[in-house]
Amino acid sequence: MSTLRSTTPAGRGTGSAAANTAAYGPLGGSPWLRHAKRAADILMAGSFFVFFGWAYALIWLGVLYTSGGPAIYMQPRYGKDGRVFKFYKFRSMVADADAVLARHLRENEAARREWAIYQKLVHDPRITRFGAFLRKYSIDEFPQFWNVLKGDMSMVGPRPCMFTQKDLYGDYWDHYCAVRPGITGLWQISGRNEISYRRRAAMDAEYVAHLSLWRDFAILLKTFGVVTGARGSR
């Protein structure tokens, strides 16, 4: 298993600590911690559908009305232990998003450089008008509460990795695979899309090396502030 090393400068605070210290316990946490984390996931994700199922239905209808079907976008992503699962989001992009992105990157050198660093674009030609609103406030992530209930994801953890992003984790890949990917994590409360993917991978590894339920709750609380303020969103 890879040794945890930092490839970026040390940051400050809960959301920007560098991945340069040894793990406090087994990578992925003790059995007790894993069971407690899973119980908290089920409780929170289940409560979302009980109290906000009506909002989920309205957003579904909004996507269908503004850009047609399907309302849910599914993509294979890497999960715990490197297993592949179906990752759900409300669709925020045009139907031929992959072709649109490929053409845009081919024709725009600045966009290619931006994509290489962040794996995101400030001005993304794939995103619909309603989709831009959903993404600004992370509303497009709501279907991932179902991923949490299924056991594919956790409330807090590294963001689910696309196939094309695996190599970007480098020495940190074992840390990514040690836990379920999360709806939110250190990346979301530390600048989101303003942070390079290399730094994001180091932050994911630091989170996994020092798992704690209290830290998860702190990240969740900070996430509300970040999302409602739309800080670092693209």
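In this predicted model, Q119 has a relative accessible area of 10% and is therefore buried, the limit for that class being under 20%. Q119 belongs to the loop between helix 3 and helix 4. Its phi is near 60 degrees, a positive value in a residue other than glycine. S138 repeats this backbone feature, with phi also near 60 degrees and again in a residue other than glycine. S138 is placed in the loop between helix 4 and helix 5 (144-150). With a relative accessible area of 16%, S138 counts as buried.

The aromatic rings come next. A pair of aromatic rings is described by the distance of the centres and the angle of the planes. With centres required to lie within 6.5 Å, the model holds 17 aromatic pairs. F130 and F133 both belong to helix 4 (residues 129-136) and are 3 residues apart, so about one helical turn separates them. F130 is partly exposed at 24% relative accessible area, and F133 is partly exposed at 43%.

Y169 and Y197 make an edge-to-face pair, because their planes stand at 90 degrees, with 5.9 Å between the ring centres. This pair links distant parts of the chain, 28 residues apart: Y169 lies in the loop between strand 3 (154-156) and helix 6 (173-177), while Y197 is in helix 7 (residues 197-209). Y169 is buried, with a relative accessibility of 2%, and Y197 is buried, also with 2%. Elsewhere, ring pairs join F48, F49, F52, Y56, W60, F90, F142 and F145 into a cluster.

Helix 7, which contains Y197, has 13 residues and spans 18 Å from its first C-alpha to its last, close to the 18 Å expected at 1.5 Å a residue. Of the 13 residues, 12 are buried, so helix 7 is largely enclosed by the rest of the structure. Among the buried residues are R199, R200, D204 and E206, along with Y207 and V208. The buried residues of this helix pack against helix 1 (31-67), helix 3 (109-118), strand 3, helix 6 and helix 8 (213-228). R200, one of the buried residues of helix 7, lies over the face of W187, at 4.2 Å from the ring centre. Another charge over a ring is found at Y78, where the charged end of K166 sits 5.5 Å from the ring centre.

Strand 1 (residues 72-78) and strand 2 (residues 84-90) run antiparallel and are joined by 7 bridges. Within this pairing, R77 stands opposite F85 in strand 2. The two strands form a hairpin with 5 residues between them, and D81 in the turn has a positive phi of about 60 degrees. In a regular strand the side chains alternate between the two faces of the sheet. The loop between helix 1 and strand 1 contains P70. The peptide bond that joins G69 and P70 is cis, with omega at about -5 degrees.

Definitions and conventions:
Residues numbered from 1 in each chain as written. Predicted model: local features only at pLDDT ≥ 70, side-chain atom pairs only at ≥ 80, totals over all residues. Heavy atoms only, no water. Phe/Tyr/Trp six-rings, centres within 6.5 Å; stacked < 30°, edge-to-face > 60°. Helix = DSSP H or I, 4+ residues; strand = E, 2+ residues; numbered from the N terminus. Buried < 20%, exposed > 50% of the residue type's maximum accessible area, 1.4 Å probe, protein only. Lys NZ or Arg CZ within 6 Å of the ring centre and 35° of its normal. Expected span 1.5 Å × (residues − 1). Contact = heavy atoms within 4.5 Å. Pairing = 2+ DSSP bridges.
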